[in-house]
Amino acid sequence: MKLHEPVPGGPCWAELGTTDLGAARRFYTKLFGWRPETDSRQQAGGYTIARVDGRAVAALTPLYQREQPVAWNMSFAVGDADAAVRQVAAAGGAVTQGPTDVFESGRFAVAVDPTGALFQLWQPGTFPGAGLFNAPGSLGWVELLTREPGRAADFYTTVFGWSVDVAARCPRWGIGGADFGGMVTMDEKFPHEVPAHWLPYFAVADVNTAAVDTTDGGGTVLMEPTSVPDGPRLAVLRDPQGAMFGVYRAGGER
């Protein structure tokens, strides 16, 4: 992505909800070289921040609600979470949680777009979001998979002011002239039960090695390492608890 720090309206944080926090810590530490640190406060509920070179890159959390799926969730930065949830509702989305204060770190809400993809809103306090993008082990791209690209484009451009060209072969989301993600239309190759969702991509030094390490760690390769014409080398993976994510070669343009 062409963003190197969190900006208003842009992706700022990736957060994994998982059924086995200890197993997830081990899996992603081996895969990405993360150094996870669990918040010791009881109210934090086991919230764990992963770091690369001392900088926060993502979070690992237990599932806080019975119906919560095992998945990576994307957060987008906003200046006012309360105003943002009103914009979400006005644009046809729904708010499922919050806004809620998270200690002094910030204020967040959970929402669903009109096509069914869940995402989070983050109003920063003392914590702005990821301290590193585009380097090995850190977030470098986000992709929306949806069956209704036109409806999704209308929603996100309205709520966040993003740019996107739905007619393009590979539509890209941008903000302030900086591309940070893309959109994939889910066709018949996707099982009906798979909902629209946001997929984070993390940068790695070697995609093939990441795929091997995933299977060695009990995960699954969903899309084999592939070199995109005029683009990066990438793969789509699933961790042992079932969360999907992508990897791409650090330094490869997304």
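Reader: Ground rules before we start?

Author: This is a predicted model, where local features need pLDDT of at least 70, side-chain atom pairs count only at pLDDT 80 or more, and totals for chains, interfaces and linings use all residues. Residues are numbered from 1 along each chain as its sequence is written, and side-chain values use heavy atoms, with hydrogens and water left out.

Reader: Fine. How do α1 and α4 cross, and how close do their axes come?

Author: The axes of α1 (residues 21–32) and α4 (residues 207–216) come within 9 Å and cross at roughly 155°. That makes α1 roughly antiparallel to α4. The cut-offs: angles under 35 degrees count as roughly parallel, over 145 as roughly antiparallel, 65 to 115 as roughly perpendicular and the rest as oblique. Axes here are lines fitted to C-alpha atoms, for helices over the stretch in contact, with angles running from 0 to 180 degrees between N-to-C directions.

Reader: And how are helices and strands assigned?

Author: They are DSSP runs numbered from the N terminus: helices are H or I with at least four residues, strands are E with at least two.

Reader: Is the α1 crossing with α4 left-handed or right-handed?

Author: α1 passes α4 in a right-handed crossing. A crossing is right-handed if the near helix is turned clockwise from the far one by less than a right angle, and left-handed if anticlockwise.

Reader: Which residues in α1 and α4 meet?

Author: From α1 you get F27, K30 and L31, and they meet A210, D213 and T214 of α4. By type, the residues of this contact divide into three nonpolar, one polar and two charged. Ala, Val, Leu, Ile, Met, Phe, Trp, Tyr, Cys and Pro count as nonpolar, Asp, Glu, Lys and Arg as charged, and the others, Gly among them, as polar. Contact means heavy atoms within 4.5 Å.

Reader: What about G217, what is it in contact with?

Author: Leaving aside neighbours within four places in sequence, G217 is in contact with F27 and P240. G217 sits in the loop between α4 and β13 (220–227) and is partly exposed, at 35% relative accessibility. Its C-alpha is 8.2 Å from that of D239, which is 22 residues away along the chain.

Reader: Switching topic: where is S138, and what does its side chain reach?

Author: S138 is in the loop between β8 and β9 (139–146), and its side chain reaches the backbone nitrogen of N134 at 3.1 Å. S138 is buried, with a relative accessible area of 0%. Beyond four places in sequence, its contacts are V57, L132, F133, Y201, F202 and A203.

Reader: Which side chain does T115 make a polar contact with?

Author: The side chain of T146, at 3.0 Å. A polar contact is a pair of N or O atoms within 3.5 Å; within protein, one must be able to donate a hydrogen and the other to accept it, and residues adjacent in sequence count only if both atoms are side-chain atoms. T115 is in the loop between β7 (106–112) and β8 (118–124) and is buried, at 13% relative accessible area.

Reader: What's phi at D53 and F103?

Author: D53 has a positive phi of about 50°, and phi of F103 is near 50°. D53 lies in the loop between β3 (48–52) and β4 (55–62) and is exposed, at 70% relative accessibility. F103 is in the loop between β6 and β7 and is partly exposed, at 36%.

Notes. Buried < 20%, exposed > 50% of the residue type's maximum accessible area, 1.4 Å probe, protein only.
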